[in-house]
Amino acid sequence: MATIISDTSRTFSEYLLIPRLTRKNQSIESVDLRSPLSVVEPNELPRFSVNIPIVSACMQSVSGTSLSIALARQGGLGMVFCSQSIESQAEMVRQVKSHKAGFVTSASNTTADTRLEEVIRLMRESGHSTVPVTDDGTATGKFLGLITDQDFWEFEDDLDNKVCKHMTSIEDVIFGVDGISLREANNLLHRHKKDCLPILDAAGNLSSLVFKKDYVDHRRHPLEMLDDSKRLCVGAALNTHDYKERVPELIAAGVDVLCFDSSDGFTEYQMEGIAWIRANFGPEVVIGGGNIVSAEGFDFLISELGVDFVKVGMGGGSICITREQKGVGRGQASALLEVVHRRDEYFSETGRYIPLCSDGGLANDTQIVIALAMGADFVMMGRYFAMTDESPTPKTSINGQMYKPYWGEGTHRAQNWQRYSDGMSSRKMMFEEGVDAYVPLVGSLAEVLETTLYKVRSTMVNIGANSLANFRESAVLTRVSEQSVVEAGTTNVFQFSRNREFEEAEWGNTG
């Protein structure tokens with residue numbers, strides 16, 4: 001007969017944290033939220049870490065270019081979805097990597113003989129106000145000068161004029177040379193009151209650009225995720241069907257983290273994929289695997305060459321119906337607690353620490369806190385980011401309220417049948433494991449995330465913890481009853497929606 005687990009399948013909403021001693025020398029601002037995203041070998045530092053313990057879900061309606069950029073600037077990591085062509089996904093990665101950097105490869109270039117009208121069109125399409133002029137119109141051609149939107153009047157100048165009539169020639173351009181440090185480049189910008197500094201090689205060819213706005217942005221976003229070349233970091237999802245073609249293109253595009261995207265990662269297909277990547281690209285590539293919900297699944301994914309991190313969760317997402325459709329899955333809290341216990345045993349046995357990602361089952365900020373307290377190193381969320389301005393779906397007005405479409409990767413709309421197929425490429429998608437819905441628009445990612453992270457840090461202070469590792473060690477959790485849930489909300493009071501009319505009625509119109 002089947003094995004029956006005696007414990008109930010539990011969710012994050014069934015737990016609360018018990019306060020610990022809050023120390024006088026603690027402050028919310030000093031709490032460190034950095035977390036490893038790659039395996040931590042004995043006496044070594046992780047190869048890759050995030051500055052906040054949050055990554056975006058590998059979903060079409062969530063992790064596009066704009067959201068990945070916005071999340072990296074806040075210290076997290078976007079996971080660009082793989083249910084698209086290899087070329088399209090690689091281009092998204094390239095766009096994130098080139099969006100902001102200390103030394104930027106110029107993405108918009110022109111020649112001296114180009115018509116002004118064409119340059120204006122290029123500026124509109126790219127969003128760039130400064131365009132380098134090279135002899136061949138490429139990003140590495142002989143540098144001739146710069147043209148900016150301040151060098152012409154669109155509605156006054158003749159748009160048939162050539163660029164050479166309006167550009168600033170090289171003789172009058174302040175530039176740096178290859179080998180200059182970023183600090184030296186920024187000093188040149190400051191000293192000469194410039195917004196853009198071209199970097200030229202010994203032959204006078206354009207090598208890269210340094211922008212004042214990048215320096216300002218970095219000062220405003222001290223936690224932003226940057227690689228060794230000062231480019232934003234980004235992750236990308238994989239499936240188990242075309243990884244041999246997809247992985248080389250993603251690595252060439254500069255991807256920082258790879259992650260298999262599957263509702264069930266406890267499969268030989270995924271193990272074969274992990275082994276192939278390790279054999280062809282070595283141990284330095286950061287690879288995530290999953291999803292799993294048991295200690296047995298954890299042991300499978302880390303065996304032999306293994307993954308850097310493991311995603312935990314099945315059927316707990318807000319638009320996921322895997323449990324309903326197939327009767328497979330587990331309450332997110334129960335799944336995470338078992339895998340954390342096995343992870344900690346494995347650490348004691350080997351000295352190797354495997355980061356865990358809690359994926360799904362997070363309905364609010366409180367449950368993010370509970371997941372981290374239970375032992376997750378970071379969380380992966382979809383709905384949370386789908387509601388932001390930066391998610392890739394269009395805004396839609398419904399009865400005067402703004403919404404955004406949100407659909408699961410297991411839906412027909414996602415056209416992602418490979419993620420759920422049994423390896424038979426000719427078989428059509430027989431049933432859906434997700435729904436197609438709408439979520440309310442909540443504003444910019446930065447604003448929403450600021451509130452969430454403040455709550456996380458505030459809770460950690462209540463527990464007397466200054467880091468996530470300390471938080472996991474110090475946390476004491478208690479189960480809650482239905483009545484304690486009722487007690488936790490407002491009771492025996494009547495709440496008004498406070499608006500201007502109500503306040504005027506209560507206090508009088510003060511003019």
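A: Let's start with Asp 299 and Arg 342, whose side chains form a salt bridge at 2.8 Å, N to O; the term covers a side-chain nitrogen of Lys or Arg within 4 Å of a carboxyl oxygen of Asp or Glu. This pair ties together distant parts of the chain, 43 residues apart: Asp 299 sits in helix α8 (residues 295-302) and Arg 342 in helix α10 (residues 332-350). Helices here are DSSP runs of H or I with at least four residues, strands are E runs of at least two, and both are numbered from the N terminus. Asp 299 is partly exposed at 28% relative accessibility, while Arg 342 counts as buried at 14%. For those labels, buried is under 20% relative accessible area, exposed is over 50%, and partly exposed is in between, using a 1.4 Å probe and protein chains only. Elsewhere, salt bridges with shared partners connect Arg 47, Arg 278, Glu 284 and Asp 308 in one network.

Before going further, a word on what you're looking at: this is a predicted model, where local features need pLDDT of at least 70, side-chain atom pairs count only at pLDDT 80 or more, and totals for chains, interfaces and linings use all residues. Residues are numbered from 1 along each chain as its sequence is written, and side-chain values use heavy atoms, with hydrogens and water left out.

Two other pairs are worth a look. Arg 34 and Asp 32 meet through their side chains in a salt bridge, again 2.8 Å from N to O. Arg 34 is exposed, with a relative accessible area of 53%, and Asp 32 is partly exposed at 26%. Then there's Glu 117 with Arg 115, a salt bridge whose closest N and O atoms are 2.6 Å apart. Glu 117 comes out partly exposed at 31%, and Arg 115 is partly exposed too, at 29%. Over the whole structure, the search turns up 27 salt bridges.

Helix α3 covers residues 116-126 and lies across β6 and β7, running at about 70° to β7; axes are lines fitted to C-alpha atoms, for helices over the stretch in contact, and angles run from 0 to 180 degrees between N-to-C directions. The strands it crosses belong to an open, antiparallel sheet of three, ordered β6-β7-β8, where pairing takes at least two DSSP bridges between two strands. β6 (130-134) and β8 (168-169) are the edges, each pairing on one side only. Strand β7 (residues 143-148) is joined to β8 by two bridges, and Leu 146 stands opposite Thr 168 in β8.

Zooming out, the chain has 16 helices and 21 strands, and 50% of its 511 residues are buried. Of the contacts (heavy atoms within 4.5 Å) with a separation of 6 or more, 65% are between residues 24 or more positions apart.

As for confidence, pLDDT is the predictor's own score for each residue, from 0 to 100. The chain averages 87, and 86% of the residues score at least 70. Over residues 417-426 the score is below 50, and that stretch has 19 contacts in the model beyond near neighbours in sequence. Residues 505-511 also stay under 50, with four contacts beyond four places in sequence.
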